[in-house]
Amino acid sequence: MRQGILLYGPPAAGKDTITAALTELDGRYVPFTRLKIGTGKTKGYRMGTPEQLAALEARGDVIYRNDRYGNIYVVDRPGLDQAMEGGSAPVVHLGQMAGMEQVTTLFPAHWVRVLLWCSKETTARRSPQRGDTDTTARLTAWDATQADLATHPRAQWELRVDTDTTAPREAAQRIDDIVRTMSRRS
C-alpha cells in the first residue's frame, strides 16, 4: 500500500523545516509540490494556469483546492500519483481540516497525519525570517487554523508536535518511526 505524510498546521509551524529533516533522514520522503495558480512565491510549487486547473477539475483530478493569499493551491491526483512512484512517500502540507479529510478520503494510501503547532507569537517571528512579505495575512491564517482545528475536536492524529519546543530532526524521527510501524502492519 502506498504511503504518505500529511503535515497540518498554521503558517510557520515548521512544515518546510520538518519536511527537509525527513528528506535528510530517508530518501523515500519527498516534498509534495502543490499546484499553484497565481503569483508570488514559486519555490516549492508547480506553477499552473487557470486552463490547467479547469482541465483537472473536468477530469475529477482535484483532490483538494483552497484559495488563500490571492492564489489557488491544489492537491491533485496526477501530482500525488507521480510523487508516490517508486515507493516514495510524499509529504503534503495542509492548513485546513477540509484538505486533510479530502486527501485521506479521495486518495487511497496509508496516511500519517501529523499536527504541527506553534504559538501565534512564533508565527509572527518566523514569518518575516523566512522571507514572507505578508506576515499580517499569515497571522490571520494562524487564527483561521486555530478556529478550524477547534471545529474538529475528534480529528485523528498519529502525532502532535509542538514546534516551539521540539527540534525538527526529533520531529522527523518521530514521524519516521510511525511510518515504519505502519509499514510493518500492512
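A residue counts as buried when its relative accessible area is under 20%, and as exposed when that area is over 50%. By that cut-off, helix H5 (residues 120–129) has Thr122, Thr123, Arg126 and Ser127 as its buried residues. The structure is a predicted model.

**Helix H5**

- An α-helix has 3.6 residues a turn, so residues three or four places apart point the same way.
- In H5 the buried residues are Thr122, Thr123, Arg126 and Ser127. They lie on the same side of H5, because the arc they cover around the axis is only 125 degrees.
- Glu121 and Gln129 are exposed on the other side of H5.
- The cover over the buried residues of H5 includes H6.
- After H5 comes Gly131, which has a positive phi near 95 degrees.

**The largest pocket**

- Rolling a probe the size of a water molecule over the atoms shows where empty space is left.
- The largest pocket holds about 1200 Å³ of space.
- Its lining is made up of 43 residues, and those nearest the centre of the pocket are Asp16, Lys41, Tyr45, Arg130 and Arg138.
- Two or more lining residues come from each of these elements: helix H1 (15–25), strand E3 (34–37), strand E5 (62–68), strand E6 (71–76), strand E7 (89–94) and helix H6 (135–150).
- With six residues, H1 gives the most to the lining of the largest pocket.
- Sorted by class, the lining of the largest pocket has 18 polar, 13 nonpolar and 12 charged residues.

- Most residues other than glycine have a negative phi.
- Ala12 is not a glycine, yet its phi is positive, near 65 degrees. Ala12 belongs to the loop between strand E1 (3–8) and H1.
- Is Ala12 buried or exposed? Ala12 has a relative accessible area of 6% and is therefore buried, the cut-off being under 20%.
- Tyr69, also not a glycine, has a positive phi of about 55 degrees. Tyr69 sits in the loop between E5 and E6.
- The relative accessible area of Tyr69 is 28%, so Tyr69 is partly exposed.

Conventions: Residues numbered from 1 in each chain as written. Predicted model: local features only at pLDDT ≥ 70, side-chain atom pairs only at ≥ 80, totals over all residues. Heavy atoms only, no water. 1 Å grid on protein atoms, 1.4 Å probe; cavity = no way out; pocket = protein on both sides within 12 Å on 5 of 7 lines; lining within 4 Å. Points joined across faces, edges and corners; volume = space filled by probe spheres on them. Helix = DSSP H or I, 4+ residues; strand = E, 2+ residues; numbered from the N terminus. Nonpolar A, V, L, I, M, F, W, Y, C, P; charged D, E, K, R; others polar. Buried < 20%, exposed > 50% of the residue type's maximum accessible area, 1.4 Å probe, protein only. Arc of directions from axis to C-beta. Contact = heavy atoms within 4.5 Å.
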